Amino acid sequence: MLAGRAWEGVASVLRFAVVVAGTFLGLLAITFFIGRVVPIDPVLSVVGDRATQEVYEAARQAMGLDRPLIVQFFAYVGDVLTGDLGMSISTGRPVVDDLARVFPATLEMATIGIIIGVVLGVPMGVVAATHQGSWIDQVIRVLGLLGYSVPAFWLGLVGLAIFYAGLGWVAGPGRVDIFYDGLLDPVTGLYLVDSVIAGEWDIFWNALDHLMLPASILGFFSLAYIARMTRSFMLDQLGQEYVTTARVKGVSERRVIWRHAFYPIRIQLITVIGLSYAALLEGSVMIETVFSWPGIGNYLTTALLTADMNAVLGATLVIGAVFIMINKISDVLYRILDPRARR
């Protein structure tokens with residue numbers, strides 16, 4: 001019996017590894033062919049449009065672009081697996097080093113954003129469902145609609161105009177004030193964490209001051225999605241017979257809501273929160289641009305404007321890999337919480 005369960009566990013891990021490897025290989029193929037079909041010549045990005053034909057051909061051969069496409073693809077896969085994403089034309093540094101520098105900024109902002117979205121969105125969805133049709137429900141639904149319809153860049157500009165320029169409640173663009181820039185030795189790349197490790201509380205509070213407005217705007221967008229889905233899941237559960245039976249038996253309304261109705265939807269919410277978190281990590285380009293936030297979205301935008309294809313493909317690959325990882329983690333949690341999914 002124990003041997004059978006152990007074998008099932010090993011087989012499950014192997015299936016998971018194969019699925020992740022296959023998905024990642026597909027992501028590599030997509031990013032590779034994107035780099036070949038976009039109307040940007042990577043050779044011209046390096047040598048310039050005034051280079052002679054001889055210089056152009058020499059650079060093309062040095063970059064391996066004269067080889068058959070399938071050979072280029074396997075070379076690309078080999079480079080990625082060894083951590084080589086090429087050199088960035090914009091910065092003159094390896095793309096891997098650039099991504100290691102900018103990704104923690106996006107991760108920090110998106111993490112605070114998803115925390116705000118979950119802490120506020122889940123209770124709002126529950127309240128809206130339990131007060132269906134009331135003014136509370138209508139207000140929450142309107143907020144959700146605004147989260148879907150308001151452009152991120154517009155909300156960012158309005159937030160800066162009101163809370164930074166007008167009221168002075170928060171700090172402006174950037175991660176820290178210029179005075180603190182470069183004073184913190186990077187350990188994790190997360191300013192809040194690194195400042196605590198270093199005991200630099202002035203930098204911690206300054207970084208938090210800069211972070212709150214962009215993170216709150218991201219949190220508002222995730223809140224809209226999470227609240228809407230929570231409300232939908234709760235309405236479905238509140239209409240079930242076992243909920244009606246619990247109420248007839250005299251179970252308190254609070255227990256009916258949080259134990260009988262909310263408890264079953266936590267599994268569905270894991271997927272919703274995971275997707276929302278991944279969306280914040282990959283979709284914060286506008287917010288990073290408005291707030292001059294040195295994250296991966298800002299890095300990707302700059303790379304696109306300068307035709308820096310190594311940086312574009314590297315950033316796209318990292319975003320895709322993070323999306324895959326978050327989805328797989330959500331799937332693992334789903335299986336842990338729901339025994340039926342293990343079969």
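**A closer look at glycine 117**

Analyst: Leaving aside its neighbours within four places in sequence, glycine 117 is in contact with Val122, Gly219, Ser222, Leu223 and Ile226; contact here means heavy atoms within 4.5 Å. Before going on, keep in mind that this is a predicted model, where local features need pLDDT of at least 70, side-chain atom pairs count only at pLDDT 80 or more, and totals for chains, interfaces and linings use all residues. Residues are numbered from 1 along each chain as its sequence is written, and side-chain values use heavy atoms, with hydrogens and water left out.

So where does glycine 117 sit? It's in helix α5, which spans residues 95-130. Helices here are DSSP runs (H or I, at least four residues), numbered from the N terminus. Glycine 117 counts as buried because its relative accessibility is 0%; buried means under 20% relative accessible area, exposed over 50%, and partly exposed in between, using a 1.4 Å probe and protein chains only.

Now look along the chain to alanine 215: it is 98 residues away from glycine 117, and their C-alpha atoms are separated by 9.8 Å.

Helix α5 also turns up in another spot. Together with α9 (201-238), α5 is among the elements covering the buried residues of α8. Helix α8 itself covers residues 191-198, and its buried residues include Leu192, Asp194 and Ser195.

Key:
Helix = DSSP H or I, 4+ residues; strand = E, 2+ residues; numbered from the N terminus.
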